[in-house]
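Me: I am new to this structure and would like to go through it step by step. Could you take my questions as they come?

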Amino acid sequence: MLKYVNTGVVFQEIPDEVTLAVNISNCPCRCPGCHSRYLWGDVGEPLTPLVLDGFIREYGDDITCICFMGGDSEPEYVDMLARYVHKAYPKMKVGWYSGRTRISSAVNKADFDYIKVGPYIEHLGCLKSRTTNQRLYKRASGDGFTDITYRFWNGKD
C-alpha cells in the first residue's frame, strides 16, 4: 500500500491548474541530488480512496487537480487511485510525477490528465531547464499525449 507524507496546494507543478500535490514515500528511484530525500523511506500514512475523499472535501473547488508525486514502487495502485478520482470527481484533473523514464505497461495512461516522466539528473536540471531530461505530458485525446514541458521555460536558463 502506498503511503503519503504530506500534501500542499501548488501552482507551478501543473500549468493552468491549482493542484493538490500528494507526496508519496518509499521512492525506489533515489535520484542523486533529489530535493525530497525524506520520501525515500517507507513512512507516512496509507493513501486510500477514503483519504482522497477527505482531501477533496477539505479543499473543494479551491483545487482543480490532484497530482501524485511519486508512487513508482506501486504504479498499478497509483493508476487505481487516478481512476477512482476521475470516476468519483469527474471535473477533477489527475496528474502523476514519476521518476521513471517510461510508465509501466500495466498502467492505463488514459486514467491521467498529466504525466511527468524522467528521473532528476542534476546536471540536466529540472523541468524549468531547457536541458532537462524530464518531460511533462498532457492528455490530448484518448491515449494520446502532448509534450508541454516548454510551458516551464521562461526564455532564459
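Me: Where does arginine 30 lie?
Reply: Arginine 30 is located in the loop between E2 and E3. Please keep in mind that this is a predicted model.

Me: What is phi of arginine 30 near?
Reply: Phi of arginine 30 is near 45 degrees, which is a positive value in a residue other than glycine.

Me: Which place does asparagine 26 have, and what is its phi near?
Reply: Asparagine 26 is in the loop between strand E2 (19-24) and strand E3 (45-46). Its phi is near 65 degrees, a positive value in a residue that is not glycine. With a relative accessible area of 30%, asparagine 26 is partly exposed.

Me: Let us change topic. How many aromatic pairs does the structure hold?
Reply: The structure holds two aromatic pairs. In one of them, the ring centres of tyrosine 4 and phenylalanine 55 are 5.3 Å apart and the ring planes stand at 90 degrees, so this pair is edge-to-face.

Me: Why does that angle make it edge-to-face?
Reply: Planes over 60 degrees apart count as edge-to-face, and the planes of tyrosine 4 and phenylalanine 55 are at 90 degrees.

Me: Which parts of the chain does the pair link?
Reply: The pair links distant parts: tyrosine 4 belongs to strand E1 (residues 3-10) and phenylalanine 55 to helix H1 (residues 49-59), 51 residues apart.

Me: Are tyrosine 4 and phenylalanine 55 buried or exposed?
Reply: Tyrosine 4 is buried, and phenylalanine 55 is buried as well.

Me: On to the helices. What span should H2 have?
Reply: Helix H2 (residues 75-88) has 14 residues and, at 1.5 Å a residue, should span 20 Å. The C-alpha atoms at its ends are 20 Å apart, which agrees.

Me: Which residues of H2 are buried, and what covers them?
Reply: The buried residues of H2 are Pro75, Tyr77, Val78, Asp79, Leu81, Ala82, Val85 and His86. Their cover includes H1, strand E4 (65-69), strand E5 (93-97) and strand E7 (135-141).

Me: How do the axes of H1 and H2 cross?
Reply: The axes come within 10 Å and cross at roughly 45 degrees. H1 and H2 are therefore oblique to each other, and H1 passes H2 in a right-handed crossing.

Me: Which residues make that contact?
Reply: Pro49, Leu52 and Asp53 take part from H1, and Tyr77, Met80, Leu81, Tyr84 and Val85 from H2.

Me: Another topic: where is valine 117, and is it buried or exposed?
Reply: Valine 117 is in strand E6 (residues 114-117). Its relative accessibility is 11%, so valine 117 counts as buried.

Me: What does valine 117 touch?
Reply: Not counting residues up to four places away in sequence, valine 117 touches Ser98, Arg100, Thr101, Ile103, Asn133, Gln134, Arg135 and Tyr137. The C-alpha atoms of valine 117 and threonine 101 are separated by 5.5 Å, although the two residues are 16 residues apart along the chain.

Me: Last one: where does threonine 64 lie, and what is it in contact with?
Reply: Threonine 64 lies in the loop between H1 and E4, and it is partly exposed, with a relative accessible area of 31%. Leaving aside neighbours within four places in sequence, threonine 64 is in contact with Glu17, Val18, Lys91, Met92 and Lys93.

Definitions and conventions: Residues numbered from 1 in each chain as written. Predicted model: local features only at pLDDT ≥ 70, side-chain atom pairs only at ≥ 80, totals over all residues. Heavy atoms only, no water. Phe/Tyr/Trp six-rings, centres within 6.5 Å; stacked < 30°, edge-to-face > 60°. Helix = DSSP H or I, 4+ residues; strand = E, 2+ residues; numbered from the N terminus. Buried < 20%, exposed > 50% of the residue type's maximum accessible area, 1.4 Å probe, protein only. Expected span 1.5 Å × (residues − 1). Contact = heavy atoms within 4.5 Å. Axes fitted to C-alpha atoms, helices over the stretch in contact; angles between N-to-C directions. Parallel < 35°, antiparallel > 145°, perpendicular 65-115°, else oblique. Left-handed = near helix turned anticlockwise from the far one by under 90°.
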